Amino acid sequence: MKELVQEIQVTLLEAMIDGSKVGAIVTDPSQEDNPIIYTNKTFIEMTVYTQEEVIGRNCRFLQGPAIAKKDIKKMKNAIACEEKVMLILQNYRKDSSSFWNRLAIEPVRIEGRLYFIGTQKDITLERSQQKTIMENEYEIEKLMLPILSVQENVATVALVGTMNFQRFETLKVKICEYIQEHRIEHAIIDITGLSWNEKSPLYWFRQIYDALRVMGSKLYTTGISPAADQQFANDLDRESHLITFSTIEKALDFITQKKLAKTNQLTEDWAVPKEKAQILNNYSRQAVLLAAMEH
Ligand SMILES: Cc1cc2nc3c(=O)[nH]c(=O)nc-3n(C[C@H](O)[C@H](O)[C@H](O)COP(=O)(O)O)c2cc1C
């Protein structure tokens with residue numbers, strides 16, 4: 001009776017292991033090259049090999065040329081030290097297709113004999129979904145922060161939606177990177193379509209303003225109501241001179257005027273030394289004449 005119960009128990013356990021979504025194998029290190037002595041059905045389905053093809057072989061037949069040497073070393077060391085190890089590696093099925101295997105190897109001792117249990121989970125779909133989610137998140141982030149170069153040295157960012165601290169941090173980093181990479185001198189942040197979660201987040205712009213100033217660029221904020229503009233002036237250190245406009249167009253006009261004035265200034269600066277050079281030239285010619293007359 002007791003034997004029958006044990007038999008039923010073993011059958012039930014086998015059914016459980018076979019029904020599991022995870023591949024499971026047992027290897028025997030007392031045999032040459034630590035071969036597989038047991039596999040569940042999921043392992044067979046996952047790898048497309050038959051039981052006969054895998055029993056008696058070391059599990060490395062699942063590996064391909066792309067396997068990282070450090071992963072092999074990690075498994076080898078853990079097996080030698082009889083330690084548990086977990087890793088994700090690329091393996092190959094019998095039909096040469098690859099899959100991502102989340103593998104766990106664990107030593108077990110039964111009545112003094114050592115065995116290793118390996119559990120394998122095919123996480124290929126999980127990984128590709130994760131990759132897609134990450135790519136989508138990046139796209140969404142890009143959409144949330146559309147930085148455009150509208151003129152030479154001028155960039156605009158039209159912010160829409162709700163601003164929170166995390167988004168603001170991303171905005172700060174992205175703007176600084178963009179300004180540095182594209183050598184932008186004037187940056188306009190338009191907040192017409194923006195709402196705030198915080199009570200008074202306007203001081204946040206001060207951080208961007210300061211960061212850009214260090215990089216030799218200027219920040220302008222557009223799309224703010226006269227009331228918000230007043231709050232801006234109150235909230236911000238008056239010395240910061242953060243310039244605000246009602247629209248992007250007005251800010252662009254101002255920047256164009258500024259650029260023109262700078263060009264004129266440069267021309268004047270250049271013209272003065274030219275005149276000076278002419279006068280000096282005249283003086284030196286007179287000096288040469290005088291020196292010749294003195295002789
Ligand atoms: C129980 C067990 C399960 C294993 N399962 C896998 C596996 O699914 N995929 C794999 O690439 N290697 C697996 N290995 C590792 C290899 O069998 C082998 O130990 C590893 O490649 C390092 O040894 P080597 O340098 O002699 O190849 C498993 C090892 C053990 C002991």
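Reply: What follows goes through the open sheet strand by strand and then turns to the ligand.

The model is a predicted one. The protein chain has nine helices and 10 strands. Of its 295 residues, 18% count as buried. Among contacts with a separation of 6 or more, 55% are between residues 24 or more positions apart.

The open sheet is built from five strands in the order 2-1-5-4-3, and the pairing is antiparallel. Strand 2 (36-39) and strand 3 stand at the edges; each has a single partner strand, so one side of each has no neighbour in the sheet. From one strand to the next, the twist averages 30°. As background, strands of a sheet pair through backbone hydrogen bonds, and the pairing is either parallel or antiparallel.

Start at the edge formed by strand 3. Strand 3 runs antiparallel to strand 4, and eight bridges join the two. Two pairs can be picked out here. Met-86 stands opposite Ala-104 of strand 4, and Ile-88 has Arg-102 of strand 4 as its bridge partner. The hairpin of strand 3 and strand 4 has five residues between the strands, and in this hairpin Ser-96 takes a positive phi near 75°.

The next pair is strand 4 with strand 5. These two pair in the antiparallel sense over 10 bridges. The hairpin of strand 4 and strand 5 has two residues between the strands, and Glu-111 takes a positive phi near 50° in it.

A helix also belongs in this picture. Helix 4 lies across strand 3, strand 4 and strand 5, and runs at about 130° to strand 3.

Strand 1 (23-27), helix 4 (69-80), strand 3 (85-92), strand 4 (98-110) and strand 5 (113-122) each supply at least two residues of the shell around the ligand. There are 21 residues around the ligand, and those that come nearest are Cys-59, Arg-60, Met-75, Phe-116 and Gly-118. By type, the shell divides into 11 nonpolar, eight polar and two charged residues.

Note on methods. Residues numbered from 1 in each chain as written. Predicted model: local features only at pLDDT ≥ 70, side-chain atom pairs only at ≥ 80, totals over all residues. Near = placed C-beta within 6 Å. Helix = DSSP H or I, 4+ residues; strand = E, 2+ residues; numbered from the N terminus. Nonpolar A, V, L, I, M, F, W, Y, C, P; charged D, E, K, R; others polar. Pairing = 2+ DSSP bridges. Axes fitted to C-alpha atoms, helices over the stretch in contact; angles between N-to-C directions. Contact = placed C-beta atoms within 7 Å. Buried ≥ 20, exposed ≤ 12 C-beta atoms within 10 Å, placed from the backbone.
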